[in-house]
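Here is a friendly walk through a structure, written for someone who likes to know the cut-offs behind each term. Please have a look at the sequence and the 3D view before reading on.

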Amino acid sequence: MRPSALIAILALSIALSAALVRLERGGRVAERSFFAMNTLFSLRASGRGAEGALSAMEEEVRRLEAMLSARDPSSELSALSRAAPGPMRVSPELDEVLRAALEVANLSEGAFDPTVGVLTELWGIGTERARVPEEREIEEALRLVDRRGLRRVSEMTWTLGVRQKLDLGGIAKGYCGDRLLAMARSLGLRWALLDLGGNIVLHGSPGRPWRIGIQHPMRGRGGILGVLEVESGPMAVVTSGVYERFLEVDGKVYHHILDPKTGRPAEGKLASVTVVMPSSTMADALSTAFFVLGPERSRKLAREMGARTIWVLEDGTTMVDEELVGRFELTDKSLKVVVLR
Amino acid sequence: MKRLDLVVAALLFALSFPLILREMGDPPRGALRLSVIQGDSRLDLPLREGVSWTRRIEDGTGGYNVLEVDGTRVRIREANCPDLLCVDTGWIDRPGQTIVCLPHRLVVRIEGAEGGLDGVSR
């Protein structure tokens with residue numbers, strides 16, 4: 001065979017292989033980043049029609065945001081707070097989130113509570129009017145924080161205690177993640193990596209395990225505590241920590257995770273908790289509940305819900321569920337690791 | 001075409017697969033890249049050892065962030081946003097790491113390279 005023929009065959013082979021591989025993989029990787037729900041959404045996916053799928057996902061996020069925002073007075077959620085005591089008939093989406101929120105509220109005995117609206121508004125952490133309220137104001141607000149005020153009286157119809165306010169900040173992004181996962185499945189995407197303001201939601205796999213970094217709670221936003229490998233989706237990796245949004249007054253730091261029982265930022269010598277489980281909605285709400293409850297009191301609920309956890313205490317001690325051992329690699333070797341059995 | 005030619009052609013075809021698979025492995029591998037996203041506009045730039053530069057990014061309403069690239073690490077050196085969370089983030093140098101400035105709707109992200117991160121839970 002002549003050298004020129006060899007080169008021609010090689011070139012043809014490469015082109016053909018590339019085409020076949022591309023066909024099998026369902027096209028190139030699509031990416032989309034946008035701001036919604038007061039944070040950054042970064043979506044990445046592969047599969048046929050991935051570009052269109054991400055565009056549809058952005059639309060879905062905007063639709064859900066308009067429904068579930070506690071800050072937007074025109075949202076359906078705000079309307080329900082205003083209509084208290086109601087009853088008010090809600091959309092199937094709001095009905096689904098409220099049911100999930102109430103379930104976690106009951107399971108966690110109020111450590112997560114969707115009726116904290118008055119309290120979060122009072123502190124305003126993460127907004128320009130953030131301040132440390134007076135004791136009297138906190139006491140007053142606490143009277144309006146009670147999950148028993150939120151009730152589903154009939155199919156898709158809810159009532160809420162007078163003057164109570166709902167805040168789904170601890171669950172709305174999680175719910176959004178499950179909606180996007182369902183879209184990724186139904187649209188037949190090969191894989192999708194959905195970053196909802198730091199909540200990581202995975203669909204499928206790129207042909208190797210996913211490598212998800214966990215934010216280091218004591219370092220700046222770029223700092224990584226360790227790397228978690230996830231074989232394949234559906235899986236959500238959600239972290240709640242003291243570093244994300246906080247208020248600093250006279251050298252004292254007030255973080256944004258409020259304890260619905262005390263009306264103040266949760267105090268449990270914790271820096272962060274990461275929850276790993278297939279349901280994004282549950283992972284989101286449970287990460288807030290677990291942060292308030294602490295590792296000891298969370299253990300039973302985590303078992304029951306099939307949630308895997310990684311805890312970082314204020315002193316840097318890192319506690320990892322034994323089910324995650326071998327899949328979680330601590331990159332900050334200066335920290336002490338304890339395996340939770 | 002001789003029988004041997006056919007064998008050679010088949011062999012070359014089979015050999016080209018691993019080559020292509022390596023090149024097309026996804027998510028994208030290879031050199032480090034920097035993505036700068038502001039609102040709807042996006043800029044992708046290569047990150048190389050030994051190449052350093054600084055750029056002031058304006059948001060069009062008086063807001064600015066000063067982006068500093070030092071080889072393969074990146075930070076926001078200065079900004080006039082109210083919370084300065086972007087500046088507090090400090091240097092980032094691993095794929096998957098992100099600096100976000102919510103008030104100025106700015107995202108700076110490192111992409112690419114095998115062994116990097118797909119995302120960061122926070």
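The notes below go from the conventions to chain A and then to chain B.

## Conventions

This is a predicted model, where local features need pLDDT of at least 70, side-chain atom pairs count only at pLDDT 80 or more, and totals for chains, interfaces and linings use all residues. Residues are numbered from 1 along each chain as its sequence is written, while chains are lettered from A and ligands numbered from 1 in the order in which they are written.

## Chain A as a whole

Chain A holds 8 helices and 17 strands. Both kinds of element are DSSP runs numbered from the N terminus, with helices being H or I of at least four residues and strands being E of at least two. The C-alpha trace spans about 90 × 50 × 40 Å along its principal axes. How does the radius of gyration of chain A fit a compact globule? A compact globule of 341 residues would have a value near 20 Å, and chain A agrees because its own value is 23 Å. The radius is taken over C-alpha atoms, and the globule rule is 2.2 Å times the number of residues to the power 0.38.

Of the 341 residues in chain A, 46% count as buried. Buried here means 20 or more other C-beta atoms within 10 Å of a residue's own, exposed means 12 or fewer, and partly exposed lies in between, with C-beta atoms placed from the backbone. Among contacts in chain A with a separation of 6 or more, 63% come from residues 24 or more positions apart. A contact is a pair of residues whose C-beta atoms, placed from the backbone, lie within 7 Å.

## The nine-stranded sheet

In chain A, 9 strands form an open sheet of mixed pairing, in the order β1-β2-β6-β7-β10-β13-β14-β15-β17. At its edges are β1 (29-36) and β17 (337-340), each pairing on one side only. Neighbouring strands of this sheet are turned by 10° against each other on average, direction ignored. Two strands count as paired if DSSP finds at least two bridges between them. One such pair in chain A is β13 (residues 270-277) with β14 (residues 308-313), which run antiparallel and are joined by 6 bridges. A:Val276 has A:Arg308 in β14(A) as its bridge partner.

Two helices of chain A lie across strands of this chain. Helix α7 (residues 172-186) lies across β2 (39-46), β6 (191-196), β7 (199-204) and β10 (235-241), at about 15° to β7(A). Helix α8 (residues 280-305) lies across β7, β10, β13, β14 and β15 (318-321), at about 115° to β13(A). For these angles, axes are lines fitted to C-alpha atoms, for helices over the stretch in contact, and angles run from 0 to 180 degrees between N-to-C directions.

Helix α4 (residues 92-107) of chain A has 16 residues, which should span 22 Å at 1.5 Å a residue; the end C-alpha atoms are 23 Å apart, which agrees. The expected span is 1.5 Å times one less than the number of residues. Buried residues in α4(A) include A:Leu94, A:Val97, A:Leu98 and A:Ala101. Their cover includes α2 (50-68), α3 (76-82), β5 (157-159), α7 and α8 of chain A. Just after α4(A), A:Glu109 takes a positive phi of about 50°.

Helix α1 (residues 3-25) of chain A contains A:Ser13. Is A:Ser13 buried or exposed? A:Ser13 is buried, because 21 other C-beta atoms lie within 10 Å. A:Ser13 and A:Leu313 are 300 residues apart in sequence and 56 Å apart in space, C-alpha to C-alpha.

## Domains of chain A

The domain assignment of chain A gives domain 1 (71-159) and domain 2 (209-340). Such bounds come from an automatic or database domain assignment. The centres of the two domains, taken over C-alpha atoms, are separated by 24 Å. Their contact takes 21 residues from domain 1 and 20 residues from domain 2.

## Chain B

In chain B, an open sheet of 3 strands has the order β3-β4-β5 with antiparallel pairing. β3 (52-58) and β5 (73-79) of chain B are at the edges with a single partner strand each, so one side of each is left without a neighbour in the sheet. β4 (residues 64-70) pairs with β5(B) over 6 bridges, and B:Asn65 has B:Ala79 as its bridge partner in β5(B).

Strand β6 (residues 98-101) of chain B is joined by 4 bridges to the antiparallel β7 (residues 106-111). β6(B) and β7(B) form a hairpin with 4 residues between them, and B:Arg105 in the turn has a positive phi of about 50°.
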